[in-house]
Amino acid sequence: MNDRAAHANSFGPAAEAYERGRPSYPGEALDWLLPAGRPRVVDLGAGTGKLTRQIRERGLEVTAVEPSAGMLDQLRRSVPGVPALKGSAEEIPLPDGSADVVLVAQAWHWVEPERAAPEIARVLSPGGRLGLLWNVRDERAGWVHRLGEIIGSPEQSRDTAVGAPFGAVETTEFPWTEVIGPERLIDMVASRSYVILLPPAERAALLNEVRRLMATHPEMVGRTEFRLPYVTECARATVGAL
């Protein structure tokens, strides 16, 4: 298994921390990504169901597809009643034309676009849409900048290239802020692939550095909640569009 594959497959053992610590997505992002009407949605690379839950709350038909058995088990507990299938972007266990939109949250950077794009197009109806989104921490200043230094894996903009048979990719972004407590911050850090794959002693030391940050940084000392700024980066493309 190469390094990229190891990171992509690391999340199962940290599924509970992922569910507790990872943020949801701003409603404006979903408004932009989802077509009008009542589309049939596939949440591809659904993780623990963060996005799946939000789609269902809009009253839409949604099917979750996730390659990790551990994440899928957590999804079924977190979002019961939603169809949840084991599969990947390169091998989607759904029939041709069975969805109107496929959303991929926090996962497109793990897939092989040259294989995934035709497979996603296969399950989409004519003129169907692919939507990509990522929550990226805004690390330009303050304690969030220091957090990125501690983690040793600073946030960066994601590659939104899709390829045939999809047309041109449109992009936009939505800044927003989440209020997060100390325990959730630890879970958020612990659920990152880089941290999951560290040897146990190094992982414990890194999480202790995060606790030290909360105990010493002027913006965090004595507080039970912190404002964590994000930018949600979004991209969308349509099958066959020029």
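Two strands count as paired if DSSP finds at least two bridges between them. Helices (H or I, at least four residues) and strands (E, at least two) are DSSP runs, numbered from the N terminus.

**Basis.** This is a predicted model, in which local features need pLDDT of at least 70, side-chain atom pairs count only at pLDDT 80 or more, and totals for chains, interfaces and linings use all residues. Residues are numbered from 1 along each chain as its sequence is written, and side-chain values use heavy atoms, with hydrogens and water left out.

**Confidence.** I looked up pLDDT, the predictor's confidence in each residue, from 0 to 100. The chain averages 90, and 91% of the residues score at least 70. Over residues 1–12 pLDDT stays under 50. For that stretch the model has 26 contacts beyond four places in sequence, a contact being heavy atoms within 4.5 Å.

**Sheet.** I read the strand order as E3-E2-E1-E4-E5-E7-E6, an open sheet of seven strands with mixed pairing. Strand E3 (84–86) and strand E6 (170–180) are at the edges with a single partner strand each, so one side of each has no neighbour in the sheet. From one strand to the next the twist averages 25°.

**E4 and its partners.** Strand E1 (residues 41–44) pairs with strand E4 (residues 99–105) in the parallel sense over four bridges. I noted Val101 in E4 as the bridge partner of Val41. Helix H7 (residues 142–151) packs on the sheet, where H7 touches strand E5 (124–137) and strand E7 (226–238). The direction of H7 makes about 75° with that of E7; axes are lines fitted to C-alpha atoms, for helices over the stretch in contact, and angles run from 0 to 180 degrees between N-to-C directions.
Asp43 stands opposite Leu103 in E4, and Ala105 stands opposite Leu133 in E5. Six of the seven residues of E4 are buried (under 20% relative accessible area; exposed is over 50%, partly exposed in between; 1.4 Å probe, protein chains only). E4, helix H6 (residues 113–123) and E5 form a right-handed β-α-β unit. Right-handed here means that, with the strands pointing away from the viewer, the path from the first strand over the helix to the second runs clockwise.

**E2.** I checked strand E2 (residues 62–66) next: five of its five residues are buried. Val62, Ala64 and Glu66 point one way from E2, Thr63 and Val65 the other. E1 and E2 pair in the parallel sense over four bridges, with Leu44 opposite Val65 in E2. The β-α-β crossover from E1 through helix H4 (residues 50–57) to E2 is right-handed. E2 and E3 run parallel, joined by three bridges, and Val65 has Leu85 in E3 as a bridge partner. E2, H5 and E3 make a right-handed β-α-β unit.

**H5.** In helix H5 (residues 69–78), I found Met71, Leu72, Gln74, Leu75 and Ser78 buried. Seen down the axis, these buried residues fall within an arc of 160°, so they line one face of H5. The arc is that of the directions from the helix axis to the C-beta atoms.

**Ile92.** Last, I looked at Ile92, in the loop between E3 and E4. Is Ile92 buried or exposed? Ile92 counts as buried, at 5% relative accessibility. Leaving aside neighbours within four places in sequence, Ile92 has contacts that include Leu44, Val65 and Ile120. The C-alpha atoms of Ile92 and Val65 are separated by 7.4 Å, the two residues being 27 residues apart along the chain.
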